[in-house]
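Dear colleague,

I am passing on a structure that I would like you to look over. Please have it open while you read the notes that follow.

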Amino acid sequence: MPVMGGSEAAERIRAMEQLQHLRRSVIVALTANVRDVVNEGNFDKMLSKPLSRDRLKRILKWMYQMHEEGVEEEEEEEEEEEEEEECE
């Protein structure tokens, strides 16, 4: 990103949410290498490129659900699914 990196942007968004007592936003990182991203709990999900159309559809559906229900902790199934896709 030209002005700041995604990790810094997410950190600032989280700080603003806390300061202004805002509802937690859904933040998804898209990166060429997930291992290079410092998350520190600011991202709800981290995706690596290339991103398949099916994976994008699942993430958008998940984001919509989180928006409707509020952001919650990820379930173990989702984490395992992501690990499997990263290995492919």
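How many helices and strands are there in the protein? The model, which is a predicted one, has 3 helices and 2 strands, and these follow the pattern α-β-β-α-α when read along the sequence. Of its 88 residues, 25% count as buried, and the accessible surface comes to about 6,900 Å², with 49% of that area belonging to carbon and sulfur atoms. Among the contacts with a separation of 6 or more, 43% are accounted for by residues 24 or more positions apart.

Much of what I looked at concerns helix α2, which covers residues 53–69. At 1.5 Å a residue, its 17 residues should span 24 Å, and this agrees with the end C-alpha atoms, which are 24 Å apart.

As for how α2 is covered, Arg-55, Ile-59, Trp-62 and Met-66 are buried. These four residues cover an arc of only 65° around the axis, so they lie on the same side of α2.

Together with Leu-30, Leu-51 and Leu-60, Leu-56 makes a nonpolar surface patch of about 330 Å².

Note on methods: Residues are numbered from 1 along each chain as its sequence is written. This is a predicted model: local features need pLDDT of at least 70, side-chain atom pairs count only at pLDDT 80 or more; totals for chains, interfaces and linings use all residues. Side-chain values use heavy atoms; hydrogens and water are left out. Patches are made of residues with over 30% relative accessible area and no salt bridge: like charges are joined within 9 Å, nonpolar side chains (Val, Leu, Ile, Met, Phe, Trp, Tyr) within 5 Å. Accessible areas come from the Shrake-Rupley method with a 1.4 Å probe; for residues, only the protein chains shown count as cover. A salt bridge is a side-chain nitrogen of Lys or Arg within 4 Å of a carboxyl oxygen of Asp or Glu. The expected span of a helix is 1.5 Å times one less than its number of residues. Buried means under 20% relative accessible area, exposed over 50%, partly exposed in between (1.4 Å probe, protein chains only). The arc is that of the directions from the helix axis to the C-beta atoms. Contact means heavy atoms within 4.5 Å.
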